[in-house]
Amino acid sequence: MRTNGLTVDGIGQNDDFGLSYGGYPTSQPPVALDAIEQISVDVSPFSASKGNFGGGTINAVTKSGTNELKFSGFYETSTPDIAGDVDSISQVFADNRPVLDDDGHRTYIVEQVEPNQTEKRYGFNVGGPLIDDTLFYFVNYNKWSSELDLDYGFEGSGATNEYDVSEESYNRFLNILNNEYGLTDSLGGDPKDTNETLLVKLSWNIADDHRLDFTYQWQDDKDETNFGTGGTSVQFASSRYTYATKFNNFATKLYSDWNEDFSTEIGIAYKDVSSRSLTNSDIGSVKVEEYFRGPSYNFGTDEFRHANSSATENLTLSLDATYLMDEHEINFGMQYESLNLYNLFAANSLGSWEFDNFNGFENREVGNYKGKYDFSYSNAFTNNPNDTAYDATRNQLALYIEDTFYVGDDLEVTAGVRYERLSSDDKPTLNENFLNTYGFSNQENLDGLDIILPRIGFKYYATEALTVNGGVGRFQGGIPNVWYNNSFQNDGITFVDAPQSAINDYYANNQADITQVPDAIKGSLVQGAGSTNYVDPNFELPSSIRAQLGFEYDFDSELLGEGFKWQAEIAYHKKENEAVWHNTAIKPVGVAADGERIIYESIYSGDLADNFDIAMTNSTDDGRSVIISTALAKEWENGLYISASYAHQDVTEASSGSSSRAQSNYQYNITKSRNEDFAARGAYEVEHSFKVNLAYNTEFFSGYATRFNVYFERRSGRPFSYTMGMYQDSDLGDTRDFYSSSAYLAYIPTGADDANVNWDESGLSWSELETLLNRAGISERGQILGRNSGTQPWVTTMDISVKQEIPGFAKGHSGEVYFMIDNFANLLNSDWGVEKRLGFSDQAVYDFGGLDDQGRYIIDSRFNGADVRNYSQYQTSSSAWQAKIGVSYKF
C-alpha cells in the first residue's frame with residue numbers, strides 16, 4: 001500500500017516519512033468513509049499529470065455542503081458476543097523439551113480460543129449553507145476504538161492467551177526480578193487503540209466562474225502495541241508502548257474558468273505529522289530465557305523505542321491548467337513540494353541485556369555464547385540520544401504537459417511528458433574515515449537527480465458496445481523517504497556501537513545492573529567509529545515502464561438476458577533501477593564447496609570488525625510483473641446484481657524493501673549470497689484470485705429499501721522461501737548485526753554422497769533430511785533453492801451484509817439498521833474461512849552448522865525440531881466469523 005498515491009480531493013495523504021506499511025501516516029485512514037462522496041482507483045493512469053506513486057493512484061472526493069441542511073450520523077459495534085472462536089496453534093513440549101514425531105518434526109496442538117476484541121465506531125457529518133448560493137460548509141467527525149480483552153494463562157490453562165510456560169516458572173521469574181533487582185512487573189491489562197478524525201470543508205462560489213475550497217483535516221491516533229498474546233515469549237507490561245500520531249492538513253484550491261477555452265486549478269496544502277512512542281519503562285530491554293534458547297521473559301523498553309520520535313512538514317504548491325485549442329485539449333501544470341523530515345531514532349540507547357537461564361539472571365550473569373557476552377549498547381558518542389536526531393529538507397519539482405485529441409471519430413489519444421527533479425541543501429555529516437576507506441563521501445543527498453517520464457494512452461470506441469483502451473509510459477514514485485534519509489541517521493560519526501571487546505572486558509569481571517548502562521561501556525563509545533548507511537553516488541531514481549491493453553464489452557445473452565458487461569486487461573511492468581541494499585564493509589574471499597555461495601570477510605579489524613556500511617544502490621537485475629484480469633457483471637431489473645472476476649499475477653523483484661531501515665532491508669533480504677542481486681518471484685505476489693459479488697435490492701416494507709450483499713473471494717497464498725536456520729553463524733562472513741538471520745536460501749544436497757556436504761560433522765543425516773524434503777514437497781537436488789519457491793495455503797473468505805431502511809422521526813428523515821458478518825463461511829462451518837500463514841516469509845529446512853575447512857556445508861537439525869509446513873499460525877483477525885451491528889440516521 002505504501003507505494004500507492006493516496007489523495008483526498010487531490011490533496012496528498014501518504015505517509016511522507018514512509019514508516020507505515022498501510023500508506024497512511026496513521027494506523028487508521030485520515031478521512032472517514034462516511035465523509036467520502038466517491039472513490040476512484042487507477043492502476044496505471046497514463047496521464048502525465050499523475051505522479052508520486054509506484055503502485056497505483058487512489059483518490060477520494062469528499063462531500064460538500066449545499067443550500068440544503070443535511071445531517072447523518074451512525075454508531076456501530078462488534079463484540080466477542082457476536083464472534084466465533086478461533087483456532088490457535090501451539091508447539092508441544094514435555095519436560096522443557098519439544099515433542100517430535102518419527103521424522104524429527106515438531107508436533108503441534110490446535111485449540112479453540114474465545115474471541116476477545118471489542119470494536120466501536122461512531123460519527124456524524126453535517127453540511128449546509130453559510131450564505132445561500134455562495135458559501136457552504138461540511139463537517140465530519142469520527143471516533144473509533146478497539147480493545148482486546150486479554151485472557152492470560154499458563155500451560156494447560158486453556159486460556160485464550162496461553163503462555164507455554166508453567167505458572168511455577170512464571171512466579172520464579174517474578175521473585176527473582178523483585179528480590180534481586182527490586183523491580184515489579186505484570187502481564188498488563190487490556191490494550192486499547194483509539195482514533196479520532198475531523199474534517200472541515202468550506203466551499204465558496206466567488207463568482208460564476210470561480211470557486212474556492214478550503215479543507216482542514218485533523219487526526220489523533222494512538223496504537224498500543226508490543227503486548228503479549230501467548231506462546232513461548234512472555235511479554236510484560238513494561239515492554240509495551242503506545243505509538244501516538246497527530247496529523248494536521250490545511251489545503252486550499254481555487255477553481256477558475258477564465259473563458260470557454262481556458263481553466264485552472266491552483267492549490268496550496270500544508271501537512272504536518274508528528275509521531276512518538278509513549279513507553280512504560282525507563283530501563284533498557286531485557287530478555288531472560290528459562291533455559292538456553294528456551295521460553296523467554298521480556299521486559300523493559302523495546303529496543304527500538306529507547307529514543308524514537310519523528311515529524312514531517314509538507315508544503316505543496318500546484319497549478320493545473322486546461323486549454324482547448326481547436327480539437328485538442330491541452331493540459332499542463334506544475335507541482336512543487338517542500339518536505340522537511342525530523343527523526344530521532346537512537347535504538348538500543350538504554351542498553352539490551354540477555355540472560356541464558358534463570359540461574360544466570362538470579363546471579364546477575366549476562367548470557368555468553370561463543371565467548372561473546374549478550375549485551376549491546378548504541379548511542380550518540382556523547383551518550384545523549386538527542387544528539388542522534390537530524391532535520392533535513394528535500395524539495396521536488398514536477399512539470400507536465402499533455403494533449404488529448406481524436407484520430408478520426410473513434411480513437412481518443414492522450415500523449416504527454418512529465419519531468420521531476422529533486423533538490424536539497426542538506427547533507428549527511430561528512431565522515432572522513434568513510435571518505436578515506438572508499439574514496440568518495442557518504443554525503444550523497446540526491447540533489448539534482450531528475451527523471452523524464454513520457455506517457456501515451458488511448459481509448460478506441462470500436463463499436464457502441466466495445467471499447468478498447470491501453471497505453472505505455474514510464475512511472476516513478478512511491479519510494480519511502482526514510483530510505484533516502486537513513487544516511488543522515490547513520491553517518492558513522494554520531495551514532496556508534498559499544499565495541500564487543502569493551503562489553504566482554506566489563507562483564508567478565510562485573511555483575512549486571514539492568515537499571516543502567518555501565519559507565520565503562522558508555523566510555524567506550526568513540527566518535528566516528530560507527531557503522532554507516534549511505535546512498536550510492538551513482539544512484540538512479542527507481543522507475544518502471546508500464547504497458548497496458550484492455551477492453552470493455554457490453555453484450556446480451558438470449559439465455560440469461562441483456563446488459564452484460566465484460567472487461568479484461570493485461571498489464572506489463574518492467575522495473576528499472578530497483579533499490580537494493582549492499583554491505584560494502586565486507587569483501588568476497590572465496591566460495592563454498594558448491595562453487596556458488598560466496599564467502600565474505602570484513603574489511604575492518606579490531607573493534608571495528610563488526611561495523612557495516614549499508615549502501616542503497618540500484619539492482620543489476622530488475623524485476624517485472626505480468627498481471628492479467630477479467631471481470632463479468634450483470635444487473636437485473638428485479639434488483640439482483642452479480643459480478644465475478646479473476647486475476648493472475650506473475651511478479652518478480654530483486655528486493656521486497658519491506659523495512660524502513662537500511663540494515664533491515666539488507667539483513668532480511670532472502671538471498672543466495674550477500675550483495676548479489678537477482679530477480680525472483682515477488683514476496684507479495686498473489687498468483688490466482690477469484691472474486692464474486694452478489695447484491696440484491698428490494699423492499700420488504702413498502703417505501704423502505706432492503707439491501708443484501710455477499711462477497712466471496714478465494715486467492716492463492718503469499719510466497720515464502722526455504723532457508724537455512726542461523727544462530728550466531730559467521731562462516732559466510734556475516735557480522736554481529738546479521739549473523740542470526742535466516743536469510744540464506746537452503747542448499748539441497750544430491751544425496752548421501754554429495755561432496756559439498758561434510759556428513760561426518762553434520763548433525764542431520766541424508767536419510768533424515770530427505771524425509772523432511774519429501775514432506776515439504778521439495779523435489780530439487782544438488783542446488784541452492786530459488787527465492788519464494790514455496791507458497792502459503794490458499795485463503796477463502798465470504799462476507800455478508802444486510803441493510804434495512806427504517807422510517808425517521810420526521811418528514812424527510814430516515815434511518816438504517818445494518819448487520820454484517822465477516823468470514824460468514826466460518827460461521828457455517830468452523831473448518832472454513834481459516835487463514836493459515838507463516839509469521840515471516842521464510843521457513844528454515846535445517847540449521848546451518850557452518851563450513852568446514854574445505855568449504856563444505858555442515859547441516860544440523862533445526863533447534864527445537866524441524867518444521868517444514870507452509871504455515872505456522874492461524875491469522876486471528878481473519879480466521880473466525882465476526883459480526884458487526886450498526887444504526888444510522890440522516891435528514
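The model is predicted.

Aspartate 677 sits in a loop. The loop runs between α7 (662–667) and β42 (680–681). The residue is buried, yet no salt bridge is formed. The nearest side chain of opposite charge belongs to arginine 787, at 7.4 Å. The cut-off for a salt bridge is 4 Å, so arginine 787 does not qualify as a partner for aspartate 677.

The side chain of histidine 582 makes a polar contact with the side chain of aspartate 677, at 2.8 Å. A backbone group also takes part: the nitrogen of threonine 620 lies 3.2 Å from a polar atom of the aspartate 677 side chain. With neighbours within four places in sequence set aside, the contacts of aspartate 677 are Val580, His582, Asn618, Ser619, Thr620 and Asp621.

Attention now turns to the nonpolar cores. The largest comprises 37 residues. Within this core, Phe173, Phe299, Trp353 and Phe355 touch the most other members. Two or more residues each come from β12 (152–154), α1 (167–181), β19 (285–289), β20 (296–300), β23 (352–355), α2 (358–362) and α5 (500–507). Helix α1 gives the largest share, six residues.

Phenylalanine 173 touches Phe236, Val288, Tyr297, Phe299, Phe358 and Phe361, when residues up to four places away in sequence are not counted. One of these partners, Phe299, is itself among the residues that touch the most other core members.

A second core is separate and holds 36 residues. Among them are Tyr722, Leu732, Ile784 and Leu838.

Terms used. Residues are numbered from 1 along each chain as its sequence is written. This is a predicted model: local features need pLDDT of at least 70, side-chain atom pairs count only at pLDDT 80 or more; totals for chains, interfaces and linings use all residues. Side-chain values use heavy atoms; hydrogens and water are left out. Helices (H or I, at least four residues) and strands (E, at least two) are DSSP runs, numbered from the N terminus. Buried means under 20% relative accessible area, exposed over 50%, partly exposed in between (1.4 Å probe, protein chains only). Lys and Arg count as positive and Asp and Glu as negative; His and the chain ends are not counted. A polar contact is a pair of N or O atoms within 3.5 Å; within protein, one must be able to donate a hydrogen and the other to accept it, and residues adjacent in sequence count only if both atoms are side-chain atoms. Contact means heavy atoms within 4.5 Å. A nonpolar core is a set of buried Ala, Val, Leu, Ile, Met, Phe, Trp, Tyr and Cys residues joined through side-chain atoms within 4.5 Å.
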